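This report describes selected features of one protein model. It is to be read alongside the sequence and the three-dimensional view shown here.

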Amino acid sequence: MIYFDNSATTKPFHDVLQAFVKINEQYYANPASIHEAGVEANALLSRAREQVATILRTEPAHTIFTSGGTESNNLAIFGLAKSNEHIGKHIITTAIEHPSVLEAMKVLEEQGYSITYLPVNASGEVTTTSIQQALRKDTVLVSIMHVNNEIGAVQPLAEIAKIVHEQSRAHFHVDAVQSFGKLPIYFNGEAGPDCITISGHKIHGLKGTGLLAFRKRPLITPHIVGGGQEFGIRSGTVAVAQNVVLAKAMRLAFDEQEIHFAKYVKWRHQLVAMLLELPDVKVVSTKQGAPHIITFAVKELRGEILINALQGKGLIVSTSSACSSKQQQTSHVLEAIKLDPRYKKGVVRMSLGALTTDQEVTEAARILRTVITQLKGASL
């Protein structure tokens, strides 16, 4: 099996799995306990927090371990909105955000918040002009993803951060679930975001692990209360093993980022060149997008048919978004970029990972050519 669905989830690194088992065997005590076993577990957790803080260029006390990207996005959006109501109730986001952001925005709209959904161009990018025009005196939050999970569009974070910080009092939140470990993302003073969302299972870590990190001391309203863990922002017994291996996965992804980026660029060029040789194939992702995501469509051919045919040959890919792949409706991202209707139902996403090999890419290209040619021939 050739697994090209890494934007949906990744296979955990062997070292991550081994570390998870070892930590659960040796450091299973509650890190909040004052006995020796608890102190040892807390020390291990503290080292993990220091590691992720160093990678993101912030302080350990500015990092909150969560259960994943959805919780981190929810915590950032609800927490920052509620704690800044004294400034206003206006929020800016984009039309192509992940559902964990868009659904949170809907909840806030029902609570009286005003939400501006920025449009994107055909490549899935927002313009700095649209952000300037959308900012208001009562804007408290700007939440924009770094890399889009369906088409790989990359947003100009530095330019956005500069505008937000110079022209408003708003906080700038970035969903970096699809970018961390592939593209540079970290805190960079006023030229970077104020908080960042990261998910473990997108970087060969474990499902159920995630992080919400802040540039400055987080002053947000918690939405899980109890024993006051995670600096009072996310109560509940802290999962030491999960968080330690998240830090390990982040470190591995960070250390190898440049090496993998070069491979992704090479492989994307190879796959896109082959796809463009085929009739009625449209490559949706652009050269300016993240190199690990290649999204394409075959005219008048349903994506499910193509995915099943590819799977029959041993190639695993997905529709444009695994989060909505079981729903029989057009993706909001494809609507936002105004994709040609003849291609909308046939959009397929291939996403590469750290475990992808040259041999797999070569074989995938052969399978794609064979299957698409056969299916188009059969549809004539």
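R215 counts as buried, because its relative accessibility is 16% and the limit for a buried residue is under 20%. The model is a predicted one. The side chain of R215 meets that of E190 in a salt bridge, with 3.2 Å from N to O. This pair links distant parts of the chain, 25 residues apart: R215 is in the loop between β8 (210–214) and α7, and E190 is in the loop between β6 and β7 (195–199). E190 has a relative accessibility of 42% and therefore counts as partly exposed. A network of salt bridges links E190, D194 and R215.

Side chains of opposite charge can pair when their charged atoms come close. The structure holds 17 salt bridges; three of them are set out below, with the distance between nitrogen and oxygen.

| Residue | Partner | N to O distance |
|---|---|---|
| R215 | E190 | 3.2 Å |
| D138 | R136 | 2.9 Å |
| D358 | K266 | 2.9 Å |

The salt bridge of D358 with K266 has its closest N and O atoms 2.9 Å apart. D358 lies in helix α11 (residues 358–379) and K266 in helix α8, so the pair ties together parts that are 92 residues apart in sequence. D358 is partly exposed, with a relative accessible area of 38%. K266 counts as partly exposed as well, at 42% relative accessibility.

D138 and R136 also form a salt bridge. D138 has a relative accessibility of 24% and counts as partly exposed. The value for R136 is 36%, which places R136 in the partly exposed class.

**A buried aspartate without a salt bridge**

What surrounds D175, given that it is buried yet has no salt bridge? D175 lies in strand β6 (residues 171–175). The nearest side chain of opposite charge, that of K202, is 9.0 Å away, whereas a salt bridge requires the nitrogen and the carboxyl oxygen to be within 4 Å. A polar atom of the D175 side chain does lie 3.0 Å from the backbone nitrogen of V177. Apart from neighbours within four places in sequence, D175 is in contact with N73, H98, I144, M145, H146 and T197.

**The enclosed cavity**

How many cavities of 30 Å³ or more does the count give? The count comes to 1. The largest cavity has a volume of about 150 Å³. It is lined by 20 residues, and those closest to its centre are K182, I203, H204, Y264 and A354. Helices α7 (240–255) and α8 (257–276) each contribute at least two residues to the lining of the largest cavity.

**Backbone angles and an exposed helix residue**

Two residues other than glycine have a positive phi angle and are described here. For D280, phi is about 65° although the residue is not a glycine. D280 is placed in the loop between α8 and β9 (281–283), and D280 is partly exposed, with a relative accessible area of 29%. For K338, phi is near 60°, again a positive value in a residue other than glycine. K338 is placed in the loop between α10 (332–336) and β13 (347–351). At 69% relative accessibility, K338 counts as exposed, because that class begins over 50%.

Q133 is found in helix α5 (residues 128–134). Its relative accessible area of 65% makes Q133 exposed. Q133 is 51 residues apart from P184 in sequence, and the two C-alpha atoms are 27 Å apart in space.

Technical notes. Residues numbered from 1 in each chain as written. Predicted model: local features only at pLDDT ≥ 70, side-chain atom pairs only at ≥ 80, totals over all residues. Heavy atoms only, no water. Helix = DSSP H or I, 4+ residues; strand = E, 2+ residues; numbered from the N terminus. Buried < 20%, exposed > 50% of the residue type's maximum accessible area, 1.4 Å probe, protein only. Lys, Arg positive; Asp, Glu negative; His and termini not counted. Polar contact = N/O pair within 3.5 Å; in protein donor to acceptor, adjacent residues only side chain to side chain. Contact = heavy atoms within 4.5 Å. 1 Å grid on protein atoms, 1.4 Å probe; cavity = no way out; pocket = protein on both sides within 12 Å on 5 of 7 lines; lining within 4 Å. Points joined across faces, edges and corners; volume = space filled by probe spheres on them.
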